[in-house]
Every structure is written in C-alpha cells, then in structure tokens.
Amino acid sequence: MRELALHLLDIARNSIEAGATALELEVCEEPAADELTFRVRDNGRGMDAEALRRATDPFFSTRTTRKQGLGLSLLKEACERSEGGLEVESAPGVGTTVRGRMRLSHLDRPPLGKMGGVIQALACEGERVSLRYRHVVGGREFVLDTEAVRRELGGGRVDDPAVLCWIERSVEEGLTALHSV
C-alpha cells in the first residue's frame, strides 16, 4: 500500500470484521520531533497470545477465507523502512491496539493519503460502529466523532449519503487547515 491512510483503513476493517463496535483512529504529526505516530484501537474480540505473536507474520491469518495476513506485516515493514516501528497489543474479549511510528521527514515514509475517504468508508458502518478520529499536527488537533455527529443530527443516520459526503469534506478541510499553519 502506498498511503498510510490505506494501511489504517485495512487495520480498521479488520477491527470491524473482528466484531468491534467502537473504533479509535489517531494520527499525530510532530514536526519538531520529526515523528509521525498512529494508533488504531478497537473493542473487538482480540487475539490470544499465539495469534498476537504471529500477527505481523505475512503467512498467518485468523481468516478462513485465505491463509495470508499481509496488512500488519506490510505496515510493520513501512514503519521500519521509515526508521520507526510497530507494536500490537491484544487480549481476547478486550480488543486490539496497533501503534506505529515513523520518522516524519523520512523519504520512504508513505504519504498520509486521503483520510477523508477512509473516515467516510468507515462511517458507512452507520449505527453498528462508533468511530472517533483524531489528527494532531504540532499540537493542533482535528476530531471527528460519529457519536457527536449522530447527536447533532438528532438521531439522524451517519451513513446517509449526504452525511457521508459532509464527513469526507470535513476531514479533508480539517487536515488542510492543520497543515496550512
């Protein structure tokens, strides 16, 4: 995958497939520290110790539809190529947290990509998944929380096509504002 946004979407989709009903995505860019960190946390079914040990093995997957699990291994490789690393914490019945870091200015760091499209795609889960996206650049932050959007809508649906378009636009405008200062 060529963009960090696509890696994060892949992890988040795995969380949803693992039964997550609450999902948090966070990206922090700290130019002063030359560091980009990210975290994806869910309340899905989690992994036992053996599955966690093998989580970044490209030839391991808990899925029955295929025998490969390339997502985490590709993301780990992207982090390491960018002088960073990847950690996965998980426990059965608790959920999973994936944390990664990269050197922000590293030439091999994948570009952020279209986070608006990723958040929009995840918001398509509608009422089934509560999503909180937080993006920080140099201490300034943008937050989109589908529960807050749902309250603003007075019970309206987050997966309504007009709301999904607003979510994508809101994220892209928020990130543009964070990067323009």
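**The sheet and its helices**

Six strands form an open sheet in the order β3-β4-β2-β1-β5-β6, with mixed pairing, where two strands pair if DSSP finds at least two bridges between them, and where helices (H or I, at least four residues) and strands (E, at least two) are DSSP runs numbered from the N terminus. At the edges stand β3 (85-91) and β6 (140-145), each with a single partner strand, so one side of each has no neighbour in the sheet. From one strand to the next the twist averages 10°.

This is a predicted model, in which local features need pLDDT of at least 70 and side-chain atom pairs count only at pLDDT 80 or more, while totals for chains, interfaces and linings use all residues. Residues are numbered from 1 along each chain as its sequence is written, and side-chain values use heavy atoms, with hydrogens and water left out.

Within the sheet, β1 (residues 22-30) and β2 (residues 35-42) run antiparallel and are joined by eight bridges, and leucine 25 stands opposite valine 40 in β2.

Helix α4 lies across β1, β5 (130-137) and β6, running at about 165° to β5; axes are lines fitted to C-alpha atoms, for helices over the stretch in contact, and angles run from 0 to 180 degrees between N-to-C directions. The axes of α1 (residues 4-17) and α4 (residues 115-123) come within 9 Å and cross at roughly 10°, and the two helices are therefore roughly parallel to each other, a term for angles under 35 degrees. Their contact (heavy atoms within 4.5 Å) involves residues including Leu8 and Ile16 of α1 and Val118 and Leu122 of α4.

Notes:
Parallel < 35°, antiparallel > 145°, perpendicular 65-115°, else oblique.
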